[in-house]
Structure formats: structure tokens, C-alpha cells
Amino acid sequence: PMNVLPYKDLVARLRTLGLTKGQVGALMPDWWDGAAANSSAGAWEFVLMVSRRLGLDAVALAGGEVRRLGAVSTPRFKHTARVSSDDLGPASLIASALAKAIVAAMPPKPALGRLTPAQVREAVLSSGASRVDFDALLEFAWQRGIPVIPLPHLPNGVKKMDAAALRVGARPAIVIARRNESKAWLSFILAHELGHILLGHVPENGSIVEGSIHDTAAFEAESQLDVQEREANDFAHAVLGGEPADAVVSQWSARASEMQLVDHALAAASTLRTAPGQLILRYAFLTRRWMQASMALRFMADDVDAQGALVNRLRQEIDTAQIGDDMQDFVEKVTGIAARTV
């Protein structure tokens with residue numbers, strides 16, 4: 001075989017990506033032992049495994065060069081006021097490699113063309129859902145061959161993005177890394193990422209990585225400057241209720257208490273065919289009363305366990321045995337679809 005650098009030099013090269021030795025180790029299988037990499041054969045095994053987990057060119061890495069593979073090219077980073085795009089580099093490599101592994105385990109689907117928010121709402125509501133909410137959007141995405149992949153478990157210290165919209169070749173995928181149990185929040189993130197995909201923003205083998213959608217002030221300021229972000233926001237808003245919802249929510253008092261917000265949202269949700277939590281979030285976007293809205297969301301019985309819904313759906317849809325042995329444990333570990341051993 002070709003020459004391969006010693007293990008300690010390989011680890012040093014991976015530091016240029018912003019990954020420590022411990023973080024690289026956390027991506028490896030549980031049986032992996034760094035000592036095994038001290039032989040040339042062990043170093044090769046390390047190169048092959050780490051390259052697949054980070055989407056790197058293995059031959060280049062063996063010789064000491066860190067080079068992304070073409071499967072998902074350089075991402076475009078958005079909303080990185082709180083975290084720089086350099087900080088998000090490692091997480092975006094892991095997200096891309098994860099999407100590639102999941103897409104490879106899925107049956108082929110015909111390409112999905114562009115859709116308007118009205119067409120998405122229509123499709124969701126005509127499929128039997130009583131409203132457009134997180135679970136209905138999750139169903140919509142998976143039915144159309146767009147996996148929605150949770151990425152809650154990155155190695156300690158690796159900065160995470162909120163979400164990413166990617167194409168592996170032509171196949172779209174969405175990764176949601178933000179751990180938030182509120183379905184209203186994740187509905188907005190999911191609808192926003194669907195917007196990027198269905199509006200044609202994501203090129204083949206490309207990705208859009210969102211630093212922080214939750215950091216609302218920076219998010220909104222940046223969205224106004226970035227046409228694609230504004231379009232994805234408008235798309236998400238229209239899918240989740242649009243102008244009819246705004247007409248109702250804008251009638252609510254700018255001094256409403258948390259419980260009044262809860263009552264208003266519960267009263268209006270079924271007519272608007274949306275989740276009450278989404279109306280409360282929309283109220284916050286319109287009035288900037290984020291604190292009251294967050295408090296009100298805590299009283300919403302159906303606005304919980306978004307993470308569980310993501311993980312359960314992935315578990316239903318993907319047979320991890322279809323994923324190559326060397327990647328199966330990685331997919332199970334970072335998504336949380338397997339019982340994690342501490």
C-alpha cells in the first residue's frame with residue numbers, strides 16, 4: 001500500500017480543521033483504540049474511517065493533505081453572528097458525511113421540483129393532516145424523499161449549527177442539529193430549510209449551513225441583507241400560516257400576558273389549521289416579546305418532544321443495517337437512534 005503518515009501526524013493534520021484528538025476519537029467506533037494506529041496498517045484503517053466520517057479524500061489525508069471530497073462541496077454559511085463559519089467547519093463536515101450515509105441507505109426517489117408554499121400547504125392538508133405543524137411537515141419531507149436528520153450528538157466542544165439544507169448529488173437532505181424540544185421552533189427551522197430546497201437555493205453537491213436561527217435579532221438583521229434567507233423566511237412563514245395567521249395575531253394586544261397568549265392561540269389554531277405554538281412564535285416575531293412568548297410556549301401541551309419525533313421518524317425510515325459497517329455506529333451515535341452507551 002501507499003505510504004501513510006504516522007498516526008500522531010495525521011491527528012495533527014486534522015487539527016487544521018479545528019478538531020482535537022479527543023473530538024476525532026469521539027467520532028470513531030467504540031472498539032477503536034488509538035494505540036492500534038501506531039502500525040502502518042492501523043494508521044491506514046484510521047485514515048479510511050476518519051475520511052468517511054468527515055467526507056475527506058482518504059489518499060490525500062494519508063499523505064498529510066486535508067481535502068474535502070466532492071460529494072458535498074464547500075458550504076455557504078448563514079447567520080453566523082454568534083459562531084464564525086470557521087467554528088462551524090467541523091460540524092458541517094460531519095453533517096455532510098451523515099447526510100451522505102443516510103441518503104445512500106434510502107430507496108431512489110424521482111427528483112422533486114420547485115414548490116410554492118401554497119402547494120406545500122395544499123399537499124400537507126390534502127394528505128389527511130388536520131393542520132400544518134411539525135409532525136405534518138416531517139411527514140411531507142420524508143414522503144418526498146427528503147430525509148430530516150437529527151444531529152444532536154456532536155463530540156464535546158464541537159460548535160454546532162442550528163440546521164443545514166444539503167444536496168448529496170441531486171438528492172436533498174435536511175440536518176437539524178439544534179436541540180430544542182419546542183415543535184413550534186423546529187417547525188420554523190424545518191420549513192425554512194424546506195424553503196431553501198424547494199426554492200432551488202441548494203446546488204447539486206452543495207449545502208447551506210445555518211449558524212443560529214434562534215439568535216433572533218441577528219437572524220432577522222442578516223435575513224434582510226441576504227435575499228435567499230429572506231425568501232426562505234417568507235416561505236416558512238407562508239407554509240406555517242402566512243397572511244391569514246398574521247391577520248389574527250396582529251389583533252392580539254402588545255401587552256397580552258402569557259396566559260392570554262395561550263388562550264388566543266388555542267382559540268385561533270384550528271380555524272387557521274396550524275399549531276397554537278406556531279401562532280405564539282409568530283406573535284413574538286411581530287412584537288419582539290420573545291420572553292412572554294417563550295413562557296407561553298411552555299404551557300402548550302403539544303409543543304414538546306420535537307427531538308423524540310425526529311429520532312423516531314429516522315428510526316422508522318432507515319434500516320441502519322443498510323449503512324456500511326464502518327459507518328453504522330457513527331450514524332447511530334451522532335443521531336441518537338441507537339441506545340447510546342456512555
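## A quick tour of a predicted fold

**How confident is the prediction?**
- Confidence is highest in strand β2 (residues 148-150), at a mean of 96.
- Helix α9 (residues 216-225) sits at the other end, with the lowest mean, 58.

**Around P172**
- You'll find P172 in strand β4 (residues 171-176).
- Not counting residues up to four places away in sequence, P172 touches G145, I146, P147, L166, R167 and I197.
- P172 and S207 are 35 residues apart in sequence, and their C-alpha atoms are 9.4 Å apart in space.

**The nonpolar core**
- The largest nonpolar core holds 112 residues, and F46, L137 and L194 touch the most other members.
- Helix α8 (residues 183-198) is the top contributor to this core, giving 10 residues.
- In soluble globular proteins, nonpolar side chains tend to be buried together.
- Setting aside neighbours within four places in sequence, F46 is in contact with Y7, L10, V11, L14, V24, M28, W32 and A37.

**A buried loop residue**
- T320 lies in the loop between α15 (306-317) and α16 (325-335).
- T320 is buried because its relative accessible area is 11%, which is under the 20% cut-off.
- Leaving out neighbours within four places in sequence, T320 is in contact with Q328, E332 and I337.

**Salt bridges**
- The whole structure has 12 salt bridges.
- R313 pairs with E139, and their closest N and O atoms are 2.5 Å apart.
- That pair links distant parts of the chain: R313 is in helix α15 and E139 is in helix α7 (residues 134-143), 174 residues apart.
- R313 is buried at 13% relative accessible area, whereas E139 is partly exposed at 30%.
- R178 forms a salt bridge with D162, with 3.3 Å between the closest N and O atoms.
- R178 lies in the loop between β4 and α8, and D162 in the loop between β2 and β3 (163-168), so this pair ties together parts 16 residues apart in sequence.
- R178 is buried, at 18%, and D162 is buried too, at 4%.
- D133 bridges to R131, with the closest N and O atoms 2.8 Å apart.
- D133 is buried at 12%, but R131 counts as partly exposed at 21%.
- D57, E65 and R67 are joined in a salt-bridge network.

Note on methods
Residues are numbered from 1 along each chain as its sequence is written. This is a predicted model: local features need pLDDT of at least 70, side-chain atom pairs count only at pLDDT 80 or more; totals for chains, interfaces and linings use all residues. Side-chain values use heavy atoms; hydrogens and water are left out. pLDDT is the predictor's confidence in each residue, from 0 to 100. Helices (H or I, at least four residues) and strands (E, at least two) are DSSP runs, numbered from the N terminus. A nonpolar core is a set of buried Ala, Val, Leu, Ile, Met, Phe, Trp, Tyr and Cys residues joined through side-chain atoms within 4.5 Å. Buried means under 20% relative accessible area, exposed over 50%, partly exposed in between (1.4 Å probe, protein chains only). Contact means heavy atoms within 4.5 Å. A salt bridge is a side-chain nitrogen of Lys or Arg within 4 Å of a carboxyl oxygen of Asp or Glu.
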